Amino acid sequence: MTGIQHISTSRRVKDKFVQGLVYLAFALAVVPLVSVLWLVISNGLARFDLEFLTHSMRGIGARDAGGGAYHAIIGTLEQVLLASLISVPIGLFTAIYLVEYGNGGRLSRSISFFVDVMTGVPSVVAGLFVFAFWILVLDFKFSGWAGALALSILMMPTVVRSSEEMLRLVPNDLREASYALGVAKWRTILKVVLPTAFTGIVTGVMLAVARVAGETAPLLMTVFFTNSINNDPFTGPQMGLPLFVFDQAGRPNDTAIDRAWTGALTLILIVMLLNLVARLIAWWRAPARGR
């Protein structure tokens with residue numbers, strides 16, 4: 001039995017050097033994130049109170065203290081929910097077709113090409129498209145629904161790509177075992193493939209939600225501004241947290257700037273809460289979890 005070979009000093013030095021580079025790259029990636037979080041938290045806590053979460057800006061002047069972002073919170077939640085209801089089913093069905101039925105055909109290649117193109121589309125282009133088609137051509141008004149349409153355009157490619165990768169990770173042995181038992185393909189996808197990839201699909205959906213939740217440019221052209229509470233996303237302008245932050249940050253006084261920082265903190269907390277809920281759902285529905 002041969003003993004363990006001696007590791008030369010030069011290899012040890014190279015190993016330590018590469019480890020140092022990895023730690024340095026990690027620090028360079030984390031420092032900006034930590035600094036942004038520190039700035040938002042330290043500046044946003046000043047107005048993070050019950051009034052901010054339960055009141056709107058109706059009747060509050062540009063330099064007045066008080067007011068809150070309740071109308072913007074409602075708008076963001078409704079717009080992101082509607083965008084998810086549009087993009088998640090379409091994106092998931094598209095991913096299922098590409099993985100299970102496409103077989104590298106011309107249609108599947110064309111779909112993959114356009115999904116890649118949509119991934120790189122700037123958010124302002126999605127807003128301009130909805131503004132031109134939905135508001136100018138079809139003569140609909142500014143509304144939360146128009147904003148949800150623009151956000152869904154940005155969500156779809158992320159949902160398609162993440163769901164496609166998760167479905168490809170499902171072992172073919174599971175599919176073949178199901179087929180060997182005489183189970184139809186659609187039932188195999190529904191009962192075997194999707195439950196196995198469920199955790200990854202949920203994670204991909206939350207990445208898409210996190211991407212669009214902070215978008216401002218599409219909402220500027222589709223939702224517009226309002227200081228009042230509008231619980232109906234299909235009628236009239238409806239505020240969103242990104243718009244609220246944009247509006248308050250553009251006002252030259254400390255009270256508005258404080259509201260802007262708190263709005264940014266609220267948006268981060270909402271995204272974190274949605275991710276936590278998604279993680280809990282994924283853990284609860286995971287196939288490997290004991291029953």
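Trainee: Which residues form one aromatic cluster here?

Mentor: Welcome! Phe131, Phe142, Phe224 and Phe225 form that cluster. Please keep in mind that this is a predicted model.

Trainee: How many aromatic pairs does the count come to?

Mentor: The count comes to eight aromatic pairs. One of them joins Phe113 and Phe114 in an edge-to-face arrangement, with 5.4 Å centre to centre and 70° between the planes. Both Phe113 and Phe114 are exposed. Phe142 and Phe224 give a stacked pair, with their centres 5.2 Å apart and 25° between the planes.

Trainee: Where in the chain do Phe142 and Phe224 sit?

Mentor: They link distant parts of the chain, 82 residues apart. Phe142 belongs to the loop between helix H5 (123-137) and H6, while Phe224 belongs to the loop between helix H9 (217-222) and H10.

Trainee: Which residue lies over the face of Tyr101?

Mentor: That is Lys185, at 4.5 Å from the ring centre.

Trainee: Now for the inside. How should I read a nonpolar core?

Mentor: In soluble globular proteins, nonpolar side chains tend to be buried together. Here the largest nonpolar core has 43 residues, and Leu167, Leu194, Ile201, Leu241 and Phe244 have the most contacts inside it. At least two core residues come from each of helix H3 (70-101), helix H6 (144-168), helix H8 (185-213), helix H10 (241-249) and helix H11 (254-285). H8 gives the most, with twelve residues. Apart from this core lies another, of eight residues, including Ile86, Trp134, Ala146 and Met156.

Trainee: Which residues does Leu241 touch?

Mentor: Leaving aside residues up to four places away in sequence, Leu241 touches Ala69, Ala72, Ile73 and Thr76, and also Gly263, Thr266, Leu267 and Ile270.

Trainee: And how do I read a pocket?

Mentor: Rolling a probe the size of a water molecule over the atoms shows where empty space is left. In this model, the largest pocket holds about 350 Å³ of space. It is lined by 20 residues, and Leu81, Ser84, Met206, Val209 and Leu274 are the closest to its centre.

Trainee: Which helix gives the most to the lining of the largest pocket?

Mentor: H3 does, with eight residues. H3, H8 and H11 each supply at least two residues of that lining.

Definitions and conventions
Residues numbered from 1 in each chain as written. Predicted model: local features only at pLDDT ≥ 70, side-chain atom pairs only at ≥ 80, totals over all residues. Heavy atoms only, no water. Core = buried A, V, L, I, M, F, W, Y, C linked by side-chain atoms within 4.5 Å. Buried < 20%, exposed > 50% of the residue type's maximum accessible area, 1.4 Å probe, protein only. Helix = DSSP H or I, 4+ residues; strand = E, 2+ residues; numbered from the N terminus. Contact = heavy atoms within 4.5 Å. Phe/Tyr/Trp six-rings, centres within 6.5 Å; stacked < 30°, edge-to-face > 60°. Lys NZ or Arg CZ within 6 Å of the ring centre and 35° of its normal. 1 Å grid on protein atoms, 1.4 Å probe; cavity = no way out; pocket = protein on both sides within 12 Å on 5 of 7 lines; lining within 4 Å. Points joined across faces, edges and corners; volume = space filled by probe spheres on them.
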